[in-house]
Amino acid sequence: MVSWMICRLVVLVFGMLCPAYASYKAVKTKNIREYVRWMMYWIVFALFMAAEIVTDVFISWFPFYYEIKMAFVLWLLSPYTKGASLLYRKFVHPSLSRHEKEIDAYIVQAKERSYETVLTFGKRGLNIAASAAVQAATKGTGLGACRTATPRMSVGRILRQSPGRQPGPERSP
C-alpha cells in the first residue's frame, strides 16, 4: 500500500509535473531541440500510461512492481540516460512509421463513425423528447389539467357541487 502511494506520487511529480514545466519552458524559449526532446518524452510517457492500465491489473502482485515503475519513470526523464529518446528512436518511431497509414485510416473511420453515431443518438433523443412532449400535452388537456388549473372559487360553491363531479370551471348554459 505504501509503495503504491509513493509510486503514484513519483509518477505524478517526476512523470508529469516536472516534464510539463520543462515543456512550458521549451515552448517559452522556442528551442527546437527541447521541443523535440519533450515531444518524444510525452509520446513514450503516453504509451507507458496506456500500458500501465493493463500491467496494474495483471502484474501488480509481482514483487517490486511499483519500485520498478518508479525507476522506469525516472529513467525516462533522466537527461543522462535519455530513456524516452532512446525508446522513441529504437521502438516507437519505427513502429509508428510502419503502421502510420493504417492508424490514420482507423482514426478517420472512427471520426466518421462517431459523427454518425452522435447524429443517430441525437435524432433518437429528439424524437423521444418530442413524443414525450406530445403525450404530456395530450394528457394535460384531459381531466387532470382541470384539477390543477381551476379558477378561483368560493368555498361555498365547492361545497354545493355534487360529490361525483370534479371541481372545475363553471359553465354557463
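Author: Ring pairs join Trp38, Tyr41, Trp42, Phe45, Phe48, Phe72 and Trp75 into a cluster. Two rings of Phe, Tyr or Trp (its six-membered ring) pair if their centres lie within 6.5 Å; planes under 30 degrees apart are stacked, over 60 edge-to-face, and the rest tilted. The model is predicted: local features need pLDDT of at least 70, side-chain atom pairs count only at pLDDT 80 or more, and totals for chains, interfaces and linings use all residues. Residues are numbered from 1 along each chain as its sequence is written, and side-chain values use heavy atoms, without hydrogens and water.

The structure holds 10 aromatic pairs. Among them, Trp61 and Phe62 are edge-to-face, at 6.1 Å centre to centre and 70 degrees between the planes. Trp61 is exposed, at 64% relative accessible area, and Phe62 is partly exposed, at 44% (buried means under 20%, exposed over 50%, partly exposed in between; 1.4 Å probe, protein chains only). Tyr65 and Tyr66 have ring centres 5.0 Å apart and planes at 75 degrees, so this pair is edge-to-face. Tyr65 is buried, at 8%, and Tyr66 is buried, at 15%.

Trp61 and Phe62 also belong to a nonpolar surface patch with Ile53, Val54, Val57, Phe58, Ile59, Phe64 and Ile68, with about 1,000 Å² of accessible area together. Such patches take residues with over 30% relative accessible area and no salt bridge, nonpolar side chains (Val, Leu, Ile, Met, Phe, Trp, Tyr) being joined within 5 Å and like charges within 9 Å. Areas follow the Shrake-Rupley method with a 1.4 Å probe, only the protein chains shown counting as cover for residues; a salt bridge is a side-chain nitrogen of Lys or Arg within 4 Å of a carboxyl oxygen of Asp or Glu. Helix 2 (residues 32-58) gives the largest share of the patch, 4 residues. Ile68 lies in helix 3 (residues 65-77) and is partly exposed, at 49%. Helices (H or I, at least four residues) are DSSP runs numbered from the N terminus.

Conventions:
Helix = DSSP H or I, 4+ residues; strand = E, 2+ residues; numbered from the N terminus.
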